[in-house]
Amino acid sequence: MHIRRVSFDHPDAVKLNDQVQAEYAVRYGDDGDATPMAAADFDPPNGIYLIAYDEDGTPVASGGWRAQDANDEGNQDGDAELKRMFVVEQLRGRGLARRILAALEEDARAAGRVRMVLETGTKQPEAIALYTSSGYEPCAKFGYYRHYESSRCFAKSL
């Protein structure tokens, strides 16, 4: 696998984002994640977006972080918000998400961020298992879905 930095609006990022949105729609019975995001949110030094490619050059996994500071949605100064972690179904369970997560944490730390935060949901038990086994702990809810009962937020000091 080769992990590359791309823009959030890169065609491969759009393709994987469409896939993760379709999965959210199935799991939650809606139109997917409605959190407002812009491609510029992931531009260094205030974020990064990564895609893992297989040996044939096919995009198979993604993830990004974007800088957040204290705001009315519950973020704190120095937060790096994890977004769009996704692995195509046929390659799950092979450590790709962990590799991307580690690269994102390293990049956010190097950019001066002090805490990685994420929001997931109760219908994503695999995500919750990944994050808790990677040192993330429940934290105060933040973000677009903070008022939803199914929302779960986690944080890890960088």
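A: In this predicted model, the largest cavity holds about 40 Å³ of space. The count of cavities of 30 Å³ or more comes to one. Its lining is made up of Thr35, Glu81, Lys83, Glu119, Phe142, Gly143, Tyr144 and Tyr145. By type, three of these lining residues are nonpolar, two are polar and three are charged.

Next comes the core. The largest nonpolar core has 35 residues, and Leu82, Leu104, Met116 and Tyr131 are those with the most contacts inside it. At least two core residues each come from helix H1 (11-28), strand E2 (47-53), strand E3 (59-68), strand E4 (79-87), helix H2 (96-110), strand E5 (115-121) and helix H3 (125-133). E2 supplies the largest share, six residues. In soluble globular proteins, nonpolar side chains tend to be buried together.

Leu82 shows what such a position looks like in detail. Apart from neighbours within four places in sequence, Leu82 is in contact with Gly64, Trp65, Leu101, Leu104, Met116, Val117, Leu118 and Tyr131.

Tyr131 leads on to helix H3, where Ala127, Leu130 and Tyr131 are buried. Viewed down the axis of H3, the buried residues fall within an arc of 90°, so they line one face of the helix. An α-helix has 3.6 residues a turn, so residues three or four places apart point the same way. The cover over the buried residues of H3 includes E4, H2 and E5. Just after H3, Gly135 has a positive phi of about 95°.

Conventions. Residues numbered from 1 in each chain as written. Predicted model: local features only at pLDDT ≥ 70, side-chain atom pairs only at ≥ 80, totals over all residues. Heavy atoms only, no water. Core = buried A, V, L, I, M, F, W, Y, C linked by side-chain atoms within 4.5 Å. Buried < 20%, exposed > 50% of the residue type's maximum accessible area, 1.4 Å probe, protein only. Helix = DSSP H or I, 4+ residues; strand = E, 2+ residues; numbered from the N terminus. Contact = heavy atoms within 4.5 Å. 1 Å grid on protein atoms, 1.4 Å probe; cavity = no way out; pocket = protein on both sides within 12 Å on 5 of 7 lines; lining within 4 Å. Points joined across faces, edges and corners; volume = space filled by probe spheres on them. Nonpolar A, V, L, I, M, F, W, Y, C, P; charged D, E, K, R; others polar. Arc of directions from axis to C-beta.
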